[in-house]
Amino acid sequence: MGSPDFRRPGMHARQISSSSFAEAFDVARSKLDELVLQQEDPVSSPSPSEEDFDISDGLYSSPTSVASTVSTPLSPVSTPLSPMLDPDVADDFAFAFDIDGVLIRGGRPIPEAIEAMKVLNGENEFGIKVPYIFLTNGGGKFETERCRDLSRQLEIEVSPGQFICGHTPMREFADRYGTVLVVGGEGETCRDVAESYGFRDVITPGDILKANAHTAPFRKLTDSEHKNSRDLLAHGVKMSDIVVEAIFVFADSRDWASDLQIILDIAQSKGGRLETRSETFDEGPPIYFSHNDMLWSSAHEHARLGMGALRRIVETVFEDTSGGRKLYTHVFGKPQVSTFEFATRLLGQWRTAQHGLAEGGEPPATVYFVGDTPESDIRGTNAMDAKSANEWYSILVKTGVYQAGTEPSYKPRRLVDTVLDAVNHGIRREMARLGSRKSTGGRLLPLDDAALRALAEGRTPNFVSKAGPFSEP
Ligand SMILES: [Mg+2]
């Protein structure tokens with residue numbers, strides 16, 4: 001059976017995918033309609049609306065259980081059911097994942113994460129592939145390198161085209177500034193990353209310490225740091241000839257004291273000119289941090305201080321040493337809406353490049369964001385949802401920062417145990433929505449998990465549950 005109503009004018013050929021997605025659903029629906037009619041005492045209910053599928057009403061409340069009868073029976077299925085279609089791509093929705101505490105913990109994959117990736121890649125009861133991207137506040141490595149790590153850990157191919165780390169959005173600033181100071185990370189890596197983004201003249205705290213060792217009296221460069229640092233004073237250049245137009249903290253500082261001193265020196269300089277001092281303390285260049293996480297989860301029993309703490313220190317110490325003048329710095333990363341907007345652009349490009357969807361790069365109608373930190377993942381997703389034309393649906397997992405049983409500071413649309421539960425929830429929610437939109441009278445199919453599984457395996461469900469697919473076990 002065809003589903004032309006799912007094809008938009010001018011659709012790319014691959015976008016017919018959602019039609020076959022719909023076809024598979026129609027087959028399943030017909031089969032179930034038949035089964036419902038065979039039941040002796042079906043439970044009547046008014047036609048549920050979209051709201052019945054939605055669980056935006058609260059984190060802890062059980063979603064509405066809905067049962068329905070079928071008043072307009074569809075033709076019985078005369079051919080054997082074969083729902084295991086070739087994997088096809090869903091074009092109405094996508095997933096975005098935080099990494100640490102969701103997919104990876106302590107350098108190892110969370111077991112359900114590997115399964116979740118398989119489900120997204122077509123090993124699900126509907127035989128569909130779902131596009132996905134990764135959005136982490138972490139950084140300090142090339143995106144390509146981090147993707148290689150993730151590919152190995154999750155047993156999938158992860159492309160830089162579907163990956164955003166804390167400093168990735170900074171690449172959009174490469175053309176805006178000439179000389180920039182890049183802070184954080186191991187060795188020369190962040191300088192290399194910044195140059196790969198197109199920044200033309202990148203200096204580091206190491207360069208400044210090499211040029212003037214008195215800058216941070218207690219910090220001594222190692223031999224290799226000295227060797228790798230640039231010689232700023234070559235060709236007779238003086239420190240005050242160098243104007244830093246912006247400061248970018250790419251990754252966590254490896255030496256907070258000297259980095260703090262250098263950032264403050266430039267913040268209090270005359271227009272970013274090294275080793276000068278403003279009289280008014282309002283001429284410094286802009287300062288950007290790749291995220292604002294105060295704490296992060298490492299191998300230590302207790303969370304460790306992160307870049308957000310350094311940012312707080314920079315702002316506080318600036319004020320204390322500048323006669324009370326305030327310093328305003330900028331941050332990227334979650335929960336900043338600008339980072340989610342960046343993610344939207346990347347997701348659009350990725351859907352087009354990888355899946356042939358939405359050639360204009362439009363985002364899907366719904367993006368499911370799965371994270372473990374209410375303050376960044378959930379807060380940002382909810383803020384993006386409030387602002388964006390498309391839906392951003394927050395799902396909180398219990399495998400990371402969020403402690404089960406506690407009240408999250410920002411409420412997700414859905415709380416689940418693991419990333420696998422999150423993926424299954426999103427896909428089933430989409431199926432129900434699709435069914436709702438397609439069905440005559442907008443009914444919710446009374447499919448429970450067992451029924452869906454049975455259909456996917458080509459078996460006949462022996463009972464159509466009165467509960468909706470989102471009922472809590
Ligand atoms: Mg996390």
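The crossing of helix H7 and helix H8 is right-handed, where right-handed means that the near helix is turned clockwise from the far one by less than a right angle. Helices are DSSP runs (H or I) of at least four residues, numbered from the N terminus. The model is predicted: local features need pLDDT of at least 70, side-chain atom pairs count only at pLDDT 80 or more, and totals for chains, interfaces and linings use all residues. Residues are numbered from 1 along each chain as its sequence is written.

The axes of H7 (residues 256-267) and H8 (residues 307-321) come within 10 Å and cross at roughly 50°. Axes are lines fitted to C-alpha atoms over the stretch in contact, and angles run from 0 to 180 degrees between N-to-C directions. H7 contributes Trp256, Leu260, Ile263, Leu264 and Ala267 to the contact, and H8 contributes Leu310, Ile313, Val314, Val317 and Phe318. Residues are in contact if their C-beta atoms, placed from the backbone, lie within 7 Å.

The chain also holds an open sheet of six strands, in the order E7-E6-E2-E15-E16-E17, with parallel pairing. Strands are DSSP runs (E) of at least two residues. Two strands pair if DSSP finds at least two bridges between them. Strand E7 (163-164) and strand E17 (414-415) are the edges, each pairing on one side only. Strand E2 (residues 93-97) pairs with strand E6 (residues 132-135) over three bridges, in the parallel sense. Phe97 has Phe134 of E6 as its bridge partner.

Methods: Contact = placed C-beta atoms within 7 Å.
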